[in-house]
Amino acid sequence: MVKNKRWSIERCSKYFVVFLAMFSGCASMQNPQGGPKDTEAPKLVKAEPKDLTTNFKAEKINLDFNEFIKLTNEFKEFSISPEMEKPPVLKAKLRRLTIDLKDSLEKNTTYTLNFGKAITDITEGNALKNFTYVFSTGPTLDSLSLSGNVKNAITGQPEMDAVVFILPLNRDSIFGKKKPAIYTTTDSSGNYKLKNLREDTYKVYALKEKGGDKIYQQESDEIGFIKEPIKLNKNIDSVNLQIFKEKASKFRILDRRLNNDGSITMNFNQWLTKPELTVAEPSNIDGNKIVKFNKTNDSVRVWLADLSFDSVKIAIKDEGKLLETAKFTRGKRDTYVRNITGADNLEGDLLNPHKGLKITFNMPITAVDLTKITLLEDSIPRTGFTFTKDSIDFLTYNFKYLFKKKEKYILKLGEGAMTGIFNAKNKEITKTFTLANADDYATMILKVNVPDSGKNYILEIVNEKKDQVVSTRLITKNETITLPNYKPGVYFGRIVYDSNKNGIWDTGNVNDGSQPEKIWYEPKELSMKANWKREEIINIPKE
């Protein structure tokens, strides 16, 4: 009995040790707690067969990494060139990625497996960008390369993570349903390099996309391209591209809606030149419509005085040509909520002394009750102000008063001061502000010299990020321009070469091979300080 008991204890002890070992093994696989966040992408430590193998005959490729990996969006990210009728099958397990080649390989051919950003670590999702595996079924590898840079056509800034791809001339179709087989993405400086290319003639494209499928979607993506095909028979660098948002070739309404206040809004995929809008059915309500296009004429808001219709058809025209007719329907029990609100042109809580106070309402105003409008100057009620509709923008009203420096003002549009269409009223609107000091602003004096007096140029002053135009002037000859009322800050001057003399920057077109109109930036930074008067010379170079 004692012997059996000892055996039982020993056996239990062994099981306990095994249990501890198993528990310890499982615990070792847990993510470490605390410490710095992992920001490193996986690294390849071993490949079978080796990368850049020649006389390749394997049916399976094993890639081992330094950490646990997973595949992300592999169907969008992975490609093989040349394409195979039966695509490879990818499997990720622990630290290994296995690629099963399901199709036969062509003789004396270099294959490039491009993983894009498909390989990520399993903990933080850090992607191994632009990873490729290359092999040749013959004794040599294709070794040609193509490199360059991608910038934004408007800002001139480098484009990071733009997809650069090439298509053999006999297979050039960026409007197809397949992603390109030969591609890479740009780094933070906009640089790219395509390697292990075969001798051929290619079209080169750059794509800044939103969908991530590497297929050009004209409505959402930005595109850049080299107009003439490139014959690649040696290494080529400095193949630079500019990406731009292409103007849609066919007009389309992107979004249309009948709003809860009864107004109608539409957004278009094009900037229109001379837009018109008419109520086609029922035509009897067309005469009392109120229409407001935005500055770029790619959206519109419509107010109809009569909302008794079951459905309404609205026709959109540009330069007299009918583009599309949109239909809107309403339910018989539909009700609308209308409240008048007002936006202002204040700079924070300051009123620019060189600009009047403007209030822009969200709907047309039919009446103003001045008795319900009060202005407090340092808590004292003031009179002698005017509040009138703007001559250009019917939604905007100008509030004029002889404001004083350093005084605190409170403007109140009392409840019911504004009456809009359908007898809509405002709730109380309050604006609190101080008149800014005129000496806090600066003046820019620019002497602009043109290279050709027979051409048009557009001078644009942009902010430090180059994403907002502060002022615009058309330039046709040498002249000196005074630009007042600039807030302290950093600005840049840029020139649009207005080739067709239409007063705007025109985008390019992939189908007809036209590039966007050239933009040149004055290299000098135009820094402005309070109470400055800065004088500069801008010599526009030849296009």
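This is a predicted model: local features need pLDDT of at least 70, side-chain atom pairs count only at pLDDT 80 or more; totals for chains, interfaces and linings use all residues.

Lys-358 counts as partly exposed because its relative accessibility is 30%, where buried means under 20% relative accessible area, exposed over 50% and partly exposed in between, using a 1.4 Å probe and protein chains only. Its partner in a salt bridge is Asp-390, with the closest N and O atoms 3.2 Å apart, a salt bridge being a side-chain nitrogen of Lys or Arg within 4 Å of a carboxyl oxygen of Asp or Glu. This pair links distant parts of the chain, since Lys-358 sits in strand E27 and Asp-390 in the loop between strand E31 and strand E32, 32 residues apart; strands are DSSP runs of at least two residues, numbered from the N terminus. Asp-390, for its part, is buried, at 14% relative accessible area.

Residues are numbered from 1 along each chain as its sequence is written, and side-chain values use heavy atoms, leaving out hydrogens and water.

A second salt bridge joins Glu-159 and Lys-208, at 3.6 Å from N to O. Glu-159 lies in the loop between strand E10 and E11 and Lys-208 in strand E14, so the pair ties together parts that are 49 residues apart in sequence. Here Glu-159 is buried at 11% relative accessibility, whereas Lys-208 is partly exposed at 24%.

In total, the structure holds 21 salt bridges.

Notes: Helices (H or I, at least four residues) and strands (E, at least two) are DSSP runs, numbered from the N terminus.
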